[in-house]
Amino acid sequence: MRIRDSLSGELRELQPGADGVIGMYVCGPTVYNRIHVGNARPFVVFQLMKRYLEWRGQPVLLVENITDINDKIYAAAVRLGVPSDTLAREMSDAYIADTDLLGLGRPDREPLASETMAEIVALIEELIAGDHAYEAGGDVYFAVRSFDRYGMLSNQRIDQLLEGAGSAEPGEHKSDPLDFALWKGNKPGEDTWWESPWGRGRPGWHIECSAMAERWLGRAFALHGGGRDLIFPHHENEIAQSEASGRPFAQVWAHNGMLRLSGEKMSKSVGNIEPLHAAVEKWGAGTLIMFLLRGHYTSPIDYDDEALEQARRAAETLRNRLRDGGDGRDEALRLAVCEALDEDFNTPRALALLFDAPPEAAGTVAEVLDVLGLGGLADEEQPPAELLDKARERDAARAERDFARADAVRAEIEAAGWEVRDTAGGTVLYRRHDG
């Protein structure tokens, strides 16, 4: 598989490590609230990449962290009047429950920042020893100018960054406005802290991911993923921290586009959000996944009722084709799908191939849909006995040309949530799906 590398702009092949496994690290959520649909996009994109690669026979180790130490968690806990670690645990559990609603499985590892403290402190100590970081007033800062490639991911120069950096915030002791915190000394109102060589405190956001990635994937791994909004400063800072001492890091950087609601990026801070659990309840997991797959993962997409309704109809079209087809296999179709997905995970192209597939290839279509998290489209629930009796009653009414009675029975069946189809063998019932 070749992925468009955000760093070089080139398509680059994902390379397995010495153990034959492709290592992937994806930035997960900061757990201070329930996640919204936009937060779920990287979860879906990279979980499906993993499923596809494994379907092709390529082992994958997917690591997606949970940021459970962060300024936003402290602030939310104060507003709610609860301990910050309690809020972090509750929202971590909610995140797992909400993403489980999608039915895509879990990443192989979901490390917590709070459980990676020894590795975080050790990495900071290494940066200090290499003159890439310094302690000031109980805080530790990364010296941005010590890393001459800073800005390479976001394509920014130091002088450009300096113009927008401003001066140090009150309470900060950094020597350069560009420098960023690796360790933050404990402040009033922050009810959780850890001991360190620099006193009580907690890590900065960026160093957490560098340490968690290295702990589970080693110093070099195939792919680092996340939302496009993380390119700067988060991923830029990760590169600086991890590569400043001459160590390797991610070979390929992949960033998914944002979801837009009412023309703006979906964001908790703006307030234009659709919680994931509410969206699944409203549309169903299948419709949401279809909605995301219809756009290339790197592109921004608009989240609105019209787009979701189109996705629902697309899912229903494929479901109907699977109902009418058999379990035939088409190797040419499989190869064409693989070609599309191998080229920067082009899911719109892969879906187009499935829509154009002949009926006799229904088995291959069902197999690919399962890989893409839409296996439920091929699953048919059997109607209950009382509805089967209704179907036979309708057939009898039609045979007697009592069409009024046949229509009345049909209405009863449909009111129970089932679709009525006329076939040469009589009435056939299918569960009606809204997502």
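Which residue forms a salt bridge with Lys 282? The partner is Asp 305, and the closest N and O atoms are 3.3 Å apart. Lys 282 sits in helix α8 (residues 276-283) and Asp 305 in helix α10 (residues 305-324), so the bridge ties together parts 23 residues apart in sequence. Lys 282 is partly exposed, at 46% relative accessibility. Asp 305 is partly exposed too, at 47%.

This is a predicted model. It holds 33 salt bridges. Another one joins the side chains of Arg 260 and Asp 302, at 2.8 Å from N to O. This pair links distant parts of the chain: Arg 260 belongs to strand β11 (residues 259-261), Asp 302 to strand β13 (residues 301-302), and 42 residues separate them. Arg 260 counts as partly exposed at 30% relative accessibility, and Asp 302 at 37%.

Now turn to Glu 190. It forms a salt bridge with Arg 202, with the closest N and O atoms 3.0 Å apart. Glu 190 lies in the loop between β7 (180-185) and β8 (201-203), and Arg 202 lies in β8, so the pair ties together parts 12 residues apart in sequence. Glu 190 is buried, at 12% relative accessibility. Arg 202 is buried as well, at 3%. Both belong to a network of salt bridges that also includes Asp 71 and Lys 184.

Last, a helix pair. Helix α4 (residues 117-129) packs against helix α6 (residues 205-217) at about 110°, with axes 9 Å apart. That angle makes the two roughly perpendicular. Among the contacting residues are Ile 120 and Leu 123 in α4, and Ile 207 and Ala 211 in α6. By class, the contact has six nonpolar, one polar and three charged residues.

Key: Residues numbered from 1 in each chain as written. Predicted model: local features only at pLDDT ≥ 70, side-chain atom pairs only at ≥ 80, totals over all residues. Heavy atoms only, no water. Axes fitted to C-alpha atoms, helices over the stretch in contact; angles between N-to-C directions. Helix = DSSP H or I, 4+ residues; strand = E, 2+ residues; numbered from the N terminus. Parallel < 35°, antiparallel > 145°, perpendicular 65-115°, else oblique. Contact = heavy atoms within 4.5 Å. Nonpolar A, V, L, I, M, F, W, Y, C, P; charged D, E, K, R; others polar. Salt bridge = Lys/Arg side-chain N within 4 Å of Asp/Glu carboxyl O. Buried < 20%, exposed > 50% of the residue type's maximum accessible area, 1.4 Å probe, protein only.
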